[in-house]
Amino acid sequence: MSFLSYLINGISLGSIYAIIALGYTMVYGIARMLNFAHGDIIMVGGFVIFTVVSTLSLPPALGILAAVVLCTILGVVIERVAYKPLRGASSLAVLITAIGVSYLLQNVALLIFGSNARQFTSVVNVPGLKLADGALTISGVTMVTIVTCIVIMAALTQFINRTKVGQAMLAVSEDKGAATLMGIDVNRTIAITFAIGSALAAVAGALLCSTYPSLTPYTGSMPGIKAFVAAVFGGIGSIPGAFIGGVLLGVIENLSKAYISSQLSDAIVFSVLIVVLLVRPTGILGKKIMEKV
Amino acid sequence: MAILEVKDLEVYYGVIQAIKGISFEVNQGEIIALIGANGAGKTTTLQTITGLIPSKAGKIVYEGQDITKIPGHKLVSMGIAHVPEGRRVFATLSVLQNLKLGAYTRNDKNELEETLQMIYRRFPRLEERKNQMAGTLSGGEQQMLAMGRALMSHPRLIVLDEPSMGLSPIYVNEIFDIIQKINEDGVTVLLVEQNAKKALSIADRAYVLETGSIALSGEASVLMNDDAVKKAYLSE
């Protein structure tokens with residue numbers, strides 16, 4: 001029974017990674033950049049909810065809404081101010097800028113909220129589930145996290161396959177010039193991608209802080225990096241890849257914590273990544289990079 | 001009446017001047033060919049017209065409106081479609097998805113369906129393969145898809161960049177027939193081709209580009225018999 005419980009908690013943690021990884025993978029697929037500030041958007045979302053719910057004593061739903069709205073705006077503003085001027089610049093310049101934005105967000109949070117960990121009140125008020133005469137308990141937040149992740153995946157897939165904006169995103173990710181010739185506004189499409197990714201990061205922030213209720217300016221950093229690993233693991237640029245990569249990563253991490261060593265779990269996670277990339281350099285569902293002749 | 005006028009256009013790649021002040025015009029209903037050797041600036045000229053590359057100086061006027069500074073994606077709804085060099089179909093998307101993206105700027109669903117049927121009539125092979133990934137089509141079929149995709153936007157001016165490149169002779173003839181039919185339907189055609197003989201055979205007028213400048217221009221039938229053109233471009 002305890003194995004099942006570790007597995008379910010791993011899937012739940014992995015669902016959070018998957019939601020964050022979606023942001024990484026979509027932005028990479030469409031703007032061809034690694035947005036290393038993505039993890040810190042999670043932290044911003046956490047602090048927005050903390051402020052609304054714990055400081056202002058407003059309902060949790062309002063806190064989540066505020067976090068989604070503010071993170072979406074923040075994501076679009078960051079793209080407009082920091083990344084858009086670098087369109088066409090070397091990818092190294094964009095990468096360094098993204099790391100700079102990450103530090104900026106962390107330090108602004110440090111300035112406002114200080115470095116002491118804040119106690120985050122869970123925004124999920126769903127009762128847990130006791131199965132098999134109480135031998136297996138699944139907490140409410142675990143269930144909500146898994147369900148949210150599945151709903152997001154399904155909605156995003158529908159959005160991309162069924163809407164014009166979604167099709168435009170596919171076109172831009174394949175060939176920006178040809179997309180322009182179709183009448184697609186490439187800059188607007190990239191901005192929408194950042195908006196979606198950042199909104200998802202806010203949701204991930206709510207779920208992450210409800211699962212691990214300690215909030216600091218560095219809260220988003222490690223999950224952000226792990227979600228990036230998950231995105232690469234699943235095949236960066238691929239949406240189902242982000243899902244599979246995220247869930248696998250969460251399960252591997254939780255099982256190694258349970259059965260091998262809680263201190264070594266991160267090392268094991270990253271070792272698995274290295275092995276996967278040695279065998280399949282494009283990740284599990286990654287597309288082969290086509291050489292243009 | 002001129003549908004497109006290019007006046008003293010200059011384009012630079014960094015410090016290198018690719019287009020050195022060219023002027024030409026395309027009249028309503030014409031097929032105009034832009035011919036010239038590799039590196040003469042044909043593709044650059046087209047890409048500047050459709051807003052993919054910014055110009056340094058000069059003016060581009062379309063239907064009486066200065067479009068020099070209008071971003072490329074806005075020109076599609078103004079009636080300009082560009083079939084790029086190398087076709088550039090969306091390889092991982094289906095034929096139908098590609099065609100629908102061609103109509104990205106149009107919103108009337110019924111009209112769209114009509115246009116789609118019209119394109120299927122013109123390119124029956126696209127209908128046969130509508131659910132196939134575009135990347136799996138042959139070169140000639142991809143060219144047809146690229147042209148069909150451009151026609152989905154219901155253009156008044158279609159700009160074609162090297163439509164015959166890399167195609168077998170049978171496909172080349174078919175593609176040129178189709179270009180003529182598109183033109184007969186009232187779409188003005190601006191055509192860039194290395195296959196000068198073919199291009200001149202269907203064009204009304206032509207301009208010969210040489211290293212960023214227009215070296216010659218005139219009626220296509222006259223240019224075809226011009227000794228200099230024959231020697232340089234018709235390999236006679």
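Modeller: One term before we start: contact means heavy atoms within 4.5 Å. This is a predicted model, where local features need pLDDT of at least 70 and side-chain atom pairs count only at pLDDT 80 or more, while totals for chains, interfaces and linings use all residues. Residues are numbered from 1 along each chain as its sequence is written, chains are lettered from A and ligands numbered from 1 in the order in which they are written, and side-chain values use heavy atoms, with hydrogens and water left out.

Colleague: Okay, how many residues of chain B are in contact with chain A?

Modeller: Look at where the two chains meet. On the chain A side, 17 residues take part. Their partners on chain B number 22 residues.

Colleague: And which three residues supply 38% of the area that chain B buries against chain A?

Modeller: Buried area is the accessible area (1.4 Å probe) that two parts lose on being put together, summed over both. Chain B and chain A bury about 1,800 Å² between them, and 63% of that is on carbon and sulfur atoms. The 38% on the chain B side, more than any other three residues give, comes from B:His73, B:Phe90 and B:Tyr104.

Colleague: Which residue of chain A meets B:Arg88 in a salt bridge?

Modeller: A salt bridge here is a side-chain nitrogen of Lys or Arg within 4 Å of a carboxyl oxygen of Asp or Glu. At 2.8 Å, N to O, the side chain of B:Arg88 meets that of A:Asp175. This pair runs from the loop between β6 and α3 of chain B to the loop between α6 (164-174) and α7 (176-181) of chain A, where you'll find A:Asp175.

Colleague: Which element gives the largest share of the side of chain B that touches chain A?

Modeller: Helices (H or I, at least four residues) and strands (E, at least two) are DSSP runs, numbered from the N terminus. The elements giving two or more residues to that side are α2 (72-75) and α3 (95-102) of chain B. With three residues, the largest share comes from α3(B).

Colleague: In the open sheet of six strands, why is one side of β6 and of β10 of chain B left without a neighbour?

Modeller: The order is β6-β7-β8-β3-β9-β10 (chain B), with mixed pairing.

Colleague: At what angle does helix α6 of chain B run to β6(B)?

Modeller: Axes are lines fitted to C-alpha atoms, for helices over the stretch in contact, and angles run from 0 to 180 degrees between N-to-C directions. Helix α7 (169-184) of chain B lies across β3, β7 and β8 (188-193), at about 155° to β8(B). Helix α6 (139-151) of chain B lies across β6 and β7 (157-161), and its angle to β6(B) is about 170°.

Colleague: Which residue takes a positive phi in the hairpin of β9(B) and β10(B)?

Modeller: Six bridges join β9(B) to β10(B), which run antiparallel. In β10(B), B:Ser213 is the bridge partner of B:Glu210. The hairpin has two residues between the strands, and the one with a positive phi near 35° is B:Thr211.

Definitions and conventions
Two strands pair if DSSP finds at least two bridges between them.
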